[in-house]
Amino acid sequence: MLTTTTTKVLEPGDIEAALAVLGRDPVANAFVAARVQVAGLDPWRLGGEMWGWYADGRLESLCYAGANLVPICAGPEAVRAFADRARRAGRRCSSIVGPAEATAALWSLLEPHWGPAREVRTHQPLMVTRSMPADIEPDPFVRRIRKDEMEVIMPACVAMFTEEVGVSPLAGDGGLLYQARVAELVGSGRSFARIEDGRVVFKAEIGAATPQACQIQGVWVAPEHRGRGLSVTGMAAVLRYALAEVSPVVSLYVNDYNTAARAAYRRVGFEETGAFMSVLF
């Protein structure tokens, strides 16, 4: 029998079906799941459309189309359908990011129309832990950033973003959107740092957070303080907050060429369980 498939933009009433798809892999899907759980499926609140791919009337796959294009639980047929919709809509995102296999397939179909990309990171290990390391003492000086410390944390956030992505988050709108995102994380108590003499020497955020899993992001050590082991003890401190107050599973993904970071995360107990891929424009 032939399978009938269709693709459509999901509406607020489709949220239970969308959450069911996201729940199939709560770790890999934490970023999008966190947004949907807070904002629902209304495009204005969500910051983009949620595309759904149906097989015989059942929602099987999703694709978040906002500042990022993110395929979710997408097999080959769903990827082709999402690529066709994305091609017809034109590129509006600044990156394509998601599980490596689906993202690679999506990019192979979009590259002739959207390429060339500024950078393609084909293998970014997804690392996960569910417990604190027994032999690492968390840095006692790593703490939550207060709302009145935005001027202290912002330069570190800008430096991290520029170093990681290759462009400044202050470009374009002068950094208004980026500053709003940092303020959101600070306001929700998910921004952490060690501050010495009024300057950030280590920082990280719990970016995406759901009751099932959360994701650490933005890990950064000031260049003049690197080599002191601050990333290991600092990550242990952030991990303690995450496990105690946010989710039972903590994840992150890292560039495969960043061997120092991968070693530090393994030292804290993170294990590689899969891979992401990012296409940057």
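Let's start at Pro 116, which sits in the loop between helix H5 (100–114) and strand E6. When I say helix or strand, I mean DSSP runs, H or I of at least four residues for helices and E of at least two for strands, numbered from the N terminus. The peptide bond from Gly 115 to Pro 116 is cis, with omega near 0 degrees.

A quick word on what you are looking at. This is a predicted model, where local features need pLDDT of at least 70, side-chain atom pairs count only at pLDDT 80 or more, and totals for chains, interfaces and linings use all residues. Residues are numbered from 1 along each chain as its sequence is written, and side-chain values use heavy atoms, with hydrogens and water left out.

Cys 73 is not a glycine, yet it has a positive phi of about 50 degrees. You'll find Cys 73 in the loop between strand E4 (68–72) and helix H4 (76–89). With 28% relative accessibility, Cys 73 counts as partly exposed. On that scale, buried means under 20% relative accessible area, exposed means over 50%, and partly exposed is in between, using a 1.4 Å probe and protein chains only. Asp 197 also has a positive phi, of about 55 degrees, although it is not a glycine. Asp 197 belongs to the loop between strand E8 (191–196) and strand E9 (199–209), and its relative accessible area of 81% makes it exposed.

Next, please turn to the start of the chain. Pro 12 lies in the loop between strand E1 (5–9) and H1. Is Pro 12 buried, exposed or partly exposed? Its relative accessible area is 49%, so Pro 12 is partly exposed. Pro 12 and Asp 42 are 30 residues apart along the chain, and their C-alpha atoms are separated by 5.7 Å. Not counting residues up to four places away in sequence, Pro 12 touches Leu 41 and Asp 42; touching, or contact, means heavy atoms within 4.5 Å.

Helix H1 (residues 15–22) packs with helix H2 (residues 30–39) at an angle of about 155 degrees, and their axes are 10 Å apart. That makes H1 roughly antiparallel to H2. For the terms here, axes are lines fitted to C-alpha atoms, for helices over the stretch in contact, with angles running from 0 to 180 degrees between N-to-C directions. Angles under 35 degrees count as roughly parallel, over 145 as roughly antiparallel, 65 to 115 as roughly perpendicular, and the rest as oblique. Which residues of H1 and H2 make the contact? From H1 they are Ile 15, Leu 19 and Leu 22, and from H2 they are Val 32, Ala 33, Val 36 and Gln 37. By class, the residues of this H1 and H2 contact are six nonpolar, one polar and no charged. In that count, Ala, Val, Leu, Ile, Met, Phe, Trp, Tyr, Cys and Pro are nonpolar, Asp, Glu, Lys and Arg are charged, and the others, Gly among them, are polar.

The second pair is H8 and helix H9 (residues 259–268), whose axes come within 9 Å and cross at roughly 50 degrees. H8 is therefore oblique to H9. On the H8 side, the contact is made by Ser 231, Val 232, Met 235, Ala 236 and Leu 239, and on the H9 side by Ala 264, Tyr 265, Arg 267 and Val 268. The contact of H8 with H9 has seven nonpolar, one polar and one charged residues.

Staying with H8, Glu 245 is found in this helix and, at 48% relative accessibility, counts as partly exposed. The side chains of Glu 245 and Arg 144 are joined by a polar contact of 2.4 Å. A polar contact is a pair of N or O atoms within 3.5 Å; within protein, one must be able to donate a hydrogen and the other to accept it, and residues adjacent in sequence count only if both atoms are side-chain atoms.

Past the end of H8, Ser 247 lies in the loop between helix H8 (230–245) and strand E11 (250–253). Ser 247 counts as buried, at 2% relative accessibility. Its side chain reaches the backbone oxygen of Thr 210 at 2.4 Å and the backbone oxygen of Ala 213 at 3.4 Å.

Last stop: Asp 139, in the loop between strand E6 (119–129) and strand E7 (143–144). Asp 139 is buried, with a relative accessible area of 3%. A polar atom of the Asp 139 side chain lies 2.8 Å from the backbone nitrogen of Phe 141. Thanks, everyone!
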